[in-house]
Amino acid sequence: MSAATDASSVASTEGETPIKAGVIDVHAHWLPRELYDLPPGSALPPMNDRNGELYLGDLPLSIAADAMSDVDAILADNERAGIAVRVLSAPPFAFPVGGSGQADGYIRAYNSELARVAQDSAGRLLGLGLVRLDDIEAARSEMRELSRLAGIRGIALPSLVPGQLYDEGVLCDILRSAVEFDLAVLVHPMQLPRAEWPRYYLANLLGNPVETATAVASVVLGGVIDELPDLRICFVHGGGCASSLLGRWNHGWQNRRDASAGTTKPPAEGFRKLYFDTLTHDPAALTLLASHASPDHLVCGSDYPFDMAEVNPVDFAVSNGVDAGALERNARAFIGLR
């Protein structure tokens with residue numbers, strides 16, 4: 001172990017257990033069994049454990065319940081996959097969309113239990129908490145509390161809330177508050193259904209990358225990243241299809257007033273200020289992403305424990321040109337461990 005790596009292994013914020021040295025997986029999910037009912041106001045049916053398998057209502061999720069909820073199972077997978085630290089966030093169907101004030105108790109319960117799990121993990125687990133999505137004062141109160149909890153490094157948000165993007169309104173105010181409270185932001189799609197995508201898992205295979213690219217566009221073309229240069233925001237699944245659309249965005253920004261109305265800077269410049277995980281499922285897609293993103297803004301992501309997860313995320317990234325040491329340094333910068 002180099003002196004630099006050894007020093008990084010003891011770097012932590014005041015009051016926190018130093019985290020384990022090695023690659024950090026910023027994109028992994030966890031939900032305690034007592035919160036399987038999902039937030040009040042959710043349009044989705046409750047989760048449930050049927051003979052060890054996880055269901056969303058009557059829909060099988062192809063996930064063992066222990067993999068989602070049992071901390072020992074998560075830590076065992078860390079060891080198997082060569083992950084030093086996992087940064088846990090709620091599965092997207094547990095985002096508090098539609099619950100308004102009724103979701104406050106759910107949010108507090110999740111954040112409290114997440115902090116406990118992180119603090120009890122001997123530096124092997126960290127957390128990204130939940131916040132209200134409809135009320136900035138409530139969200140600010142939650143973020144202020146999260147910033148004080150050892151083991152919590154930021155928040156997880158959906159790619160979009162129906163009718164809302166990140167360049168205005170409550171979602172934009174949440175990003176401003178994340179900078180104020182020095183919290184990282186992980187943006188994850190919700191797999192919103194569309195009538196045109198009823199079969200073949202298209203709500204995920206098409207929907208997830210399109211949702212994420214929409215969020216990236218709103219942050220870049222909307223000038224959010226220009227206004228908030230200290231915002232640490234990461235888009236999962238390699239940023240969806242955003243990297244393959246960046247040339248189109250640049251062309252539109254150069255040739256259309258509406259496309260350039262939100263920022264005086266070309267989209268490619270804003271794109272390099274964003275973090276992206278390496279979960280592209282395709283070496284060529286990762287190569288394309290790396291050609292557009294800043295090399296110090298690529299981080300390891302697995303999507304554990306979902307069926308679309310990368311089982312060996314470190315091996316995938318390293319075998320396709322992203323150095324393991326860079327993955328660790330970049331993730332530490334993203335989650336604010338300086």
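Predicted model: local features only at pLDDT ≥ 70, side-chain atom pairs only at ≥ 80, totals over all residues.
Good morning, colleagues. The largest nonpolar core of this structure has 104 residues, and those with the most contacts inside it are Leu31, Ile174 and Leu175. As general background, nonpolar side chains in soluble globular proteins tend to be buried together.

Let me take isoleucine 174 as an example. If we set aside its neighbours within four places in sequence, isoleucine 174 is in contact with Val131, Arg132, Leu133, Ile136, Ala139, Met143, Ile155 and Leu157. Arginine 132 forms a salt bridge with aspartate 134, at 2.7 Å from N to O. Which of these two partners is buried, and which is partly exposed? Arginine 132 is buried, at 7% relative accessibility, because the limit for that class is under 20%. Aspartate 134, at 41%, counts as partly exposed.

In total, the structure holds 20 salt bridges. I would draw your attention to the one between arginine 86 and aspartate 25, where the closest N and O atoms are 2.7 Å apart. Arginine 86 belongs to strand β5, residues 85-89, and aspartate 25 to strand β1, residues 24-29, so this pair ties together parts that are 61 residues apart in sequence. Are the two partners buried or exposed? Arginine 86 is buried, with a relative accessible area of 1%, and aspartate 25 is buried too, at 0%. Both residues also take part in a network of salt bridges that links Asp25, Asp77, Arg80 and Arg86.

A further salt bridge joins the side chains of arginine 50 and aspartate 58, at 2.5 Å from N to O. Here arginine 50 is partly exposed, with 35% relative accessibility, whereas aspartate 58 is exposed, with a relative accessible area of 65%.

How much space lies in it? The answer is about 1100 Å³. The pocket is lined by 43 residues, and the closest to its centre are Met190, Gln191, Ala203, Asn204 and Asn208. Several elements each supply at least two residues of this lining: strand β4 (59-64) and the helices α7 (202-205), α8 (207-221), α10 (242-255) and α12 (283-292). By residue class, the lining divides into 27 nonpolar, 14 polar and 2 charged residues.

Thank you for your attention.

Technical notes. Residues numbered from 1 in each chain as written. Heavy atoms only, no water. Salt bridge = Lys/Arg side-chain N within 4 Å of Asp/Glu carboxyl O. Helix = DSSP H or I, 4+ residues; strand = E, 2+ residues; numbered from the N terminus. Buried < 20%, exposed > 50% of the residue type's maximum accessible area, 1.4 Å probe, protein only. Core = buried A, V, L, I, M, F, W, Y, C linked by side-chain atoms within 4.5 Å. Contact = heavy atoms within 4.5 Å. 1 Å grid on protein atoms, 1.4 Å probe; cavity = no way out; pocket = protein on both sides within 12 Å on 5 of 7 lines; lining within 4 Å. Points joined across faces, edges and corners; volume = space filled by probe spheres on them. Nonpolar A, V, L, I, M, F, W, Y, C, P; charged D, E, K, R; others polar.
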